[in-house]
Amino acid sequence: MSTTSTVDRAFEAALYADTDAALDTGASLLAADPAADAELARRGREFVAGAWRRGWQPADVVRFVRRELEDEHLRLLARLVVEEQEHEQGSEAGKRQPPPGPRWAAQLDEVRELAAHPTRADRFSHATAALELYRLLLRLPTLEPLDRPQATGGAQNSPHPESRMLSRIRALLAKAEATGFPEEAEALSAKAQELMARHSIDEALIAARAHSKNAPGACRIGVEPPYETAKAVLLDAVARANRCEAVWNEDLGFSTVVGFEADLEAVELLHTSLLVQATTALTKAEAAQRKGGRKRTKTFRQSFLAAYAHRIGDRLAAVAEAQVAEAEAESAGTGGAGAPEQDLLPVLAARDVAVREQVTRMFPDTVTTRVRGVSDLAGWQQGAEAADRAQVGARPRLPS
């Protein structure tokens with residue numbers, strides 16, 4: 001019997017059925033034929049390539065497999081992704097393709113780290129994991145395509161001069177999240193936000209002066225359980241404050257954020273930092289609840305995070321408006337207003353329109369959703385207070 005026939009029989013038995021009996025039948029066929037291993041791996045690479053054609057990226061598939069399956073499936077997926085990338089680069093068609101964009105390349109680097117972990121499963125367990133993974137990959141829906149490959153040569157492949165600033169911002173936020181001293185965390189976060197805002201505005205003005213044809217891009221950010229709705233609201237607030245828009249896919253566990261590259265980077269950095277701050281504040285609030293003789297409840301945590309997201313949204317919107325006004329005043333004070341290409345407000349307005357049009361093209365049928373489970377007054381009040389304490393910029397705290 002040929003190896004192809006073995007794999008076909010295993011797939012026919014198990015891939016399109018959900019029962020354990022069908023899975024055991026398919027896994028037994030594969031485990032009994034070691035010569036079929038190469039063909040089984042080749043089919044796995046085809047499933048991975050199919051996911052790319054349907055708009056999925058490496059981080060998306062890793063996140064989804066981690067949510068739906070086990071570590072063994074995740075390591076198997078990582079190896080298939082790496083093998084598929086190597087196969088594509090070595091093929092004649094792959095040699096003619098432009099290199100992947102920076103987000104895709106960074107995701108592949110993370111997948112390679114996962115692939116480096118060894119597995120010690122017996123043949124039957126390995127075959128079972130492969131079939132379960134292939135079932136999942138086969139049924140992935142089509143997503144909106146993002147990070148398209150870049151053209152070779154030219155300025156696109158050279159790093160931005162501001163990349164050092166972004167590295168500094170990441171370092172500041174990492175220190176703010178790691179320190180045990182609130183005052184130090186606030187100072188570090190304030191400096192990071194100051195640099196972040198300046199970086200975004202400078203990018204917009206540079207692009208306008210150069211008459212850049214850059215269009216808005218997009219990235220996907222995981223929205224992990226529990227309390228996904230509140231976390232999605234927080235991400236939406238951060239996105240809007242940074243001139244981006246977020247569209248949440250609740251079923252698949254991520255939000256797609258649309259905006260210009262500098263703003264997307266700001267959203268990723270600030271959202272991660274604020275989520276860490278919110279989690280830390282929630283832990284302290286729950287400790288105070290227990291100390292006061294009150295039990296921790298799901299409604300308390302949901303209400304806390306929902307209030308945190310709502311209040312942060314108000315604060316971020318006010319801070320963003322103030323930052324734009326300050327930059328516009330600086331531009332006018334240095335004679336920038338006399339140069340049309342440096343007039344900030346029209347530049348930002350044009351970028352806002354471009355982002356909205358891109359969202360409409362990508363998601364013509366979006367709907368709004370309600371924040372559910374907000375019924376604990378103490379949780380709401382303490383979440384709002386924690387949001388007021390969170391450092392989102394170098395401005396004074398907003399009045400209640």
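Here is a short chat about some salt bridges in this predicted model.

Colleague: Why is the contact between Arg-139 and Asp-18 called a salt bridge?

Modeller: The N to O distance between their side chains is 2.8 Å. The cut-off is within 4 Å, so the pair qualifies.

Colleague: And what parts does that pair tie together?

Modeller: Arg-139 sits in the loop between helix 8 and helix 9, and Asp-18 in the loop between helix 1 and helix 2, so the pair ties together parts that are 121 residues apart in sequence.

Colleague: How do you know whether Asp-18 is buried or exposed?

Modeller: Its relative accessibility is 55%. Exposed means over 50%, so Asp-18 counts as exposed. Arg-139, at 44%, is partly exposed.

Colleague: What about Glu-83 and Arg-45, what makes them a salt bridge?

Modeller: Their side chains meet at 3.8 Å, N to O, and that is still within 4 Å, so the name holds. Glu-83 lies in helix 5 and Arg-45 in helix 3, so this pair links parts 38 residues apart in sequence.

Colleague: Why is Arg-45 called buried?

Modeller: Arg-45 has 18% relative accessibility. Glu-83 has 30%, and is partly exposed.

Colleague: Where do Arg-240 and Asp-236 lie?

Modeller: Both are in helix 11, four residues apart, separated by about one helical turn.

Key. Residues are numbered from 1 along each chain as its sequence is written. This is a predicted model: local features need pLDDT of at least 70, side-chain atom pairs count only at pLDDT 80 or more; totals for chains, interfaces and linings use all residues. Side-chain values use heavy atoms; hydrogens and water are left out. Helices (H or I, at least four residues) and strands (E, at least two) are DSSP runs, numbered from the N terminus. Buried means under 20% relative accessible area, exposed over 50%, partly exposed in between (1.4 Å probe, protein chains only).
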